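Good morning, everyone, and thank you for making time for this.

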Amino acid sequence: MTDDDTHAYAALFAEVVATGRRLTRGEIERRRESGEEAARAGHSLRELVGGQLRAVRSAWPEQTLDRRTALDLLSAVEQSVDAFSSGFERAQRLAVRQEEAERREFIDDLLYGRSDLGRTAERAERFGLRLSQAHAVAVARGPRAYTEADSVPQQVERALIGRFGDRHILLTTKGGRMVCVAPGDQREVLASFAKQAFAATGGGQTAIGRPQPGPRGVAHSYEEALGALDLADRLGLDAPVLHAADLLVYPVLTRDRQAMEDLVRSTLDPLRSSRGGAEPLLDTLTAYFDSGCVTTKTAQNLNLSVRAVTYRLDRIHRLTGTDPADPASRYTLQTAVIGARLLGWPAKEF
C-alpha cells in the first residue's frame, strides 16, 4: 500500500469522523477497484488490510470519541475493507479461471499435438514439463468418469506428489480418465501412479504408453495408452496395468483389416453352425490359448470339466478342419481368434 493510498484512506476516515456519514456508492466501487488492482499487482491482502487499519489510526482524533462517532468510523472501516476484499477476491477468482482455462488449453494441445511445437514447448516450462526430453503417458480409468475436482484424482495426486515431489510431472483428467505425464526415464513414477489409481478407484485399470521424444512424443504416448485400453475392452484383458509396448502385435495384426476379415471368415465361420452359435467355442479357444494350450487349466478358467473342454476342442476340429492342439495349424487358428476379438466377431458382421 503506497503512501498516497494511506493518505487517501486517512483523509476519508477523518471526514467520516467529522461528518458521521457512510461511504458513498462511488467510494465503495473505488475500493473494489483498488482491491482488484492490488490482486493483479500481486500484493498480499493481509498487508493491504493492515495498511487500511493503519490509516484508521492516523484518522483517529486525539480526543476521546463518543460512542456514536466511534461506531460511524468502524462502520466506514467495515464498508471499506469489505469492498476492498471483495474486489481483491473477484480478481483472484478471475485469475484462477484464466489459469485453469490456459492449463486446459495447454493440456489439449499437448495430448492431441494440435499446437505449434515451439509454442507448446515454451508453455510446457510454465506447467512443469521439459519437452526437450522423452516423456511417457499413463491413463487410468475407474468405474466412473472423473474430473480434476473429484476426490479420486486428488487422492492420487497427493500420494504421487507426496512421494516424488513435482519431478516435472503433470497430472490431469481427460475424457473422464486420469492422466499422468512423466519423464520417460522415471518409470517408477508411472508405476506408482498405476498403483495409486488402482487403489483409489477400487480396482481400476491403467495403460502406459511408450516413452516418446519431443512435444509430439507426449501425444503419441497418450494415443498408445488409449489404444491399449481399447484393446483391453475388445480382447477382455483385465490386468490392472497394461504396457503398450507389450501389445504392439495387435495393431500389426489389424493393419490390413481386409486380410484379417478374410482370415476370420474363412477359419471361424463354420463355428456358427454349432448348437449355441460360435461364441461358446470362441471363448473356449481364447481360454485354451491363454492357458498355454493346457486343457486342465482351460477347464478351470471356464469352470467346466476337462471332458467338456475336450469335447469342445474336438467339435472345433471337426467344424473348421483345424486342430487347436496341432502346433502346425495352431498359429492360424489363434491369429483368427485374436482377429475375431479385435473386430468384434461374431457380434459384428463384415
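This is a predicted model: local features need pLDDT of at least 70, side-chain atom pairs count only at pLDDT 80 or more; totals for chains, interfaces and linings use all residues.

Let me begin with the aromatic rings, where a search of the whole structure turns up 2 aromatic pairs. One of them is formed by Tyr112 and Tyr222, whose ring centres lie 6.1 Å apart and whose planes stand at 65°, so this pair is described as edge-to-face. The reasoning there is simply that planes over 60 degrees apart count as edge-to-face. Where along the chain do Tyr112 and Tyr222 lie? Tyr112 belongs to helix 4, which covers residues 67–112, while Tyr222 belongs to helix 8, which covers residues 214–235, so the pair ties together parts that are 110 residues apart in sequence. The two rings are also set in unlike surroundings, and the accessible areas show this. Tyr112 is partly exposed, at a relative accessible area of 40%, whereas Tyr222 has a relative accessibility of 3% and counts as buried.

The pair of Tyr288 and Phe289 has its ring centres 5.8 Å apart and its planes at 55°, so this pair is called tilted. Are these two residues buried or exposed? Tyr288 is buried, with a relative accessible area of 4%, and Phe289 is buried as well, with a value of 9%.

Let us turn now to a pair of helices. In general, two packed helices are described by the angle between their axes and the distance between the axes. With that in mind, please find helix 12, residues 295–302, and helix 13, residues 306–320, whose axes come within 8 Å and cross at roughly 105°. That angle makes helix 12 roughly perpendicular to helix 13, because angles from 65 to 115 degrees are given that description. Which residues of helix 12 and helix 13 meet? From helix 12 there are Thr295, Thr296, Thr298 and Ala299, and they meet Val306, Val309, Thr310 and Leu313 of helix 13. If you sort the residues of this contact by class, you find 4 nonpolar and 4 polar residues, and no charged residues.

Charged residues bring me to the salt bridges, of which a search of the whole structure finds 17. I will take you through a few of them, starting with Glu29 and Arg32, whose side chains meet in a salt bridge at 3.2 Å from N to O. Both residues sit in helix 2, residues 25–40, and being 3 residues apart there, Glu29 and Arg32 are separated by about one helical turn. Glu29 is partly exposed at 31% relative accessibility, and Arg32 is partly exposed with a relative accessible area of 27%.

Asp262 and Arg265 also have side chains that meet in a salt bridge, here at 2.6 Å from N to O. They are 3 residues apart in helix 10, residues 257–268, and about one helical turn separates them. Asp262 counts as partly exposed at 36% relative accessibility, and Arg265 counts as partly exposed at 27%.

Next comes the salt bridge between Asp283 and Arg341, in which the closest N and O atoms are 2.4 Å apart. Asp283 lies in helix 11, residues 279–290, and Arg341 lies in helix 14, residues 327–343, so this pair ties together parts that are 58 residues apart in sequence. Asp283 is partly exposed at 32% relative accessibility, while Arg341, at 17%, counts as buried. Elsewhere, salt bridges that share partners join Glu15, Arg21 and Glu27 into one network.

I would like to finish with two single residues. Ser80 is found in helix 4, and at 0% relative accessibility Ser80 counts as buried. What does Ser80 contact, once its neighbours within four places in sequence are left aside? The contacts of Ser80 are then Tyr9, Phe13, Leu23, Arg31 and Gln52.

Thr173 lies in strand 2, residues 170–174, and Thr173 is buried, with a relative accessible area of 6%. Leaving aside neighbours within four places in sequence, the residues in contact with Thr173 include Arg104, Tyr146 and Met178. Finally, Thr173 and Ile107 are 66 residues apart along the chain, and their C-alpha atoms are separated by 9.4 Å.

Key. Residues are numbered from 1 along each chain as its sequence is written. Side-chain values use heavy atoms; hydrogens and water are left out. Rings of Phe, Tyr and Trp (its six-membered ring) pair if their centres lie within 6.5 Å; planes under 30 degrees apart count as stacked, over 60 as edge-to-face and the rest as tilted. Helices (H or I, at least four residues) and strands (E, at least two) are DSSP runs, numbered from the N terminus. Buried means under 20% relative accessible area, exposed over 50%, partly exposed in between (1.4 Å probe, protein chains only). Axes are lines fitted to C-alpha atoms, for helices over the stretch in contact, and angles run from 0 to 180 degrees between N-to-C directions. Angles under 35 degrees count as roughly parallel, over 145 as roughly antiparallel, 65 to 115 as roughly perpendicular and the rest as oblique. Contact means heavy atoms within 4.5 Å. Ala, Val, Leu, Ile, Met, Phe, Trp, Tyr, Cys and Pro count as nonpolar, Asp, Glu, Lys and Arg as charged, and the others, Gly among them, as polar. A salt bridge is a side-chain nitrogen of Lys or Arg within 4 Å of a carboxyl oxygen of Asp or Glu.
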